[in-house]
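Subject: Structure for your files

Hello,

Please find the structure below. My notes on it follow.

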Amino acid sequence: MSFSSDVKSELCQIKSHKSCCLVSECAGMLLFSRSLTDEKISFCTDFDFVAEHLCYLIKKRLKITAEHIITDGGVNKVEVMSKRDRETIVARMKNGDKPADGLIQNECCLAAFLRGVFLSCGNLTDPNKEYRLEFICPSRLMAQYLYGFLSGIIENPKMAERDGVYYVYYKHSEAVEDMLTLVGAANAALEVMEIKVEKDMRNKLNRVNNFENANLAKTVNAAVDQTEAIKKIIAAGKLDSLSEALRETAILRKENPDSSLSQLCKISGCSRSGLNHRLKRLIEIANEL
Ligand SMILES: [Zn+2]
């Protein structure tokens with residue numbers, strides 16, 4: 001099952017009891033369907049439960065029976081056979097080419113309308129891959145209408161046209177979560193949030209690991225440089241000419257080539273800054289040889 005089908009299945013379980021919201025949801029589905037004219041009303045979906053939901057809304061609110069047809073290719077279609085019924089629906093939903101006024105009467109109807117639009121043409125990409133919630137609109141006019149509508153509700157929708165198909169979409173996680181929450185897909189919204197937390201955590205761990213690896217590499221490189229310098233001083237017969245403190249440090253490092261500075265401090269009882277200073281001095285002396 002895809003993320004979109006999970007969301008749509010969750011949305012179809014919401015059965016509004018308000019007649020105002022039922023009209024809005026029905027309008028959202030039909031206005032963004034393939035065809036909504038006196039000649040042909042045709043709604044297509046991959047999911048039988050979405051087709052059944054639309055038939056339920058049309059029957060419940062408009063008292064019209066719509067047909068749920070499954071094509072040979074497995075596509076679920078909802079059609080209205082009677083011309084009079086089609087005229088009734090179109091007159092209720094459209095004003096010329098545009099959505100009719102008064103489809104959204106109350107604040108509660110906003111969510112219902114958008115729920116219908118998502119059921120009709122919405123798509124949610126797997127949030128493990130990317131955050132993208134899109135509406136694949138049936139025409140430029142409807143894309144522009146939806147874009148304007150969404151702009152007033154959740155900030156920064158985007159609109160694009162690709163090969164004659166019009167998309168209105170959101171690409172950031174907060175907008176995707178807000179949209180899912182608004183239309184009533186609370187479980188899906190929670191899942192997106194959980195995935196985001198997990199992703200952030202993984203990124204943070206990677207950053208810490210990279211940082212630790214870089215530090216480790218630095219420590220190892222420093223120890224190798226110091227050991228090489230001390231070997232050079234010994235080979236040149238200069239160990240005995242060093243001060244007592246430097247000589248002790250040179251022997252300490254030579255005997256503990258893999259130890260970190262902190263470990264050397266513990267073994268010798270010297271301070272960190274003192275030991276660090278002497279090791280640097282040993283490297284300088286070796287460089288001068
Ligand atoms: Zn309402």
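**Charges over rings**

Lys8 sits over the face of Phe118, 5.7 Å from the ring centre. A charge counts as over a ring if NZ of Lys or CZ of Arg is within 6 Å of the ring centre and within 35 degrees of the ring normal. Likewise, Lys199 lies over the face of Tyr131, at 4.3 Å from the ring centre.

This is a predicted model: local features need pLDDT of at least 70 and side-chain atom pairs count only at pLDDT 80 or more, while totals for chains, interfaces and linings use all residues. Residues are numbered from 1 along each chain as its sequence is written, and side-chain values use heavy atoms, with hydrogens and water left out.

**Aromatic pairs**

The whole structure contains 5 aromatic pairs (rings of Phe, Tyr and Trp, the last by its six-membered ring, with centres within 6.5 Å; planes under 30 degrees apart are stacked, over 60 edge-to-face, the rest tilted). Phe113 and Tyr145 are edge-to-face, because their ring centres are 6.4 Å apart and their planes stand at 85 degrees. Phe113 belongs to helix 5 (residues 107–121) and Tyr145 to helix 6 (residues 140–151), so the pair ties together parts 32 residues apart in sequence. Helices are DSSP runs of H or I, at least four residues, and strands are runs of E, at least two, numbered from the N terminus. Phe113 is buried at 0% relative accessibility, and Tyr145 is partly exposed at 27% (buried is under 20% relative accessible area, exposed over 50%, partly exposed in between; 1.4 Å probe, protein chains only).

Phe118 and Phe135 also form an edge-to-face pair, 6.1 Å centre to centre with 85 degrees between the planes. Phe118 is in helix 5 and Phe135 in strand 8 (residues 133–137), 17 residues apart. Phe118 is buried, with a relative accessible area of 2%, and Phe135 is buried at 0%. Phe113, Tyr145 and Phe149 make up one aromatic cluster.

**Zinc site**

Which residues coordinate the zinc ion? They are Cys20, Cys21, Cys108 and Cys109, each through SG, at 2.3 to 2.4 Å. Donors are N, O and S atoms within 2.8 Å of the metal (3.2 Å for Na, K and Ca); water is not among the atoms, so sites may look incomplete. The donor spacing in sequence is C-C-x86-C-C. Cys108 is partly exposed, at 30% relative accessibility, whereas Cys109 is buried at 0%.

Cys20 and Cys21 are among the buried residues of helix 2. In helix 2 (residues 19–31), 12 of the 13 residues are buried.

Regards

Notes:
The expected span of a helix is 1.5 Å times one less than its number of residues.
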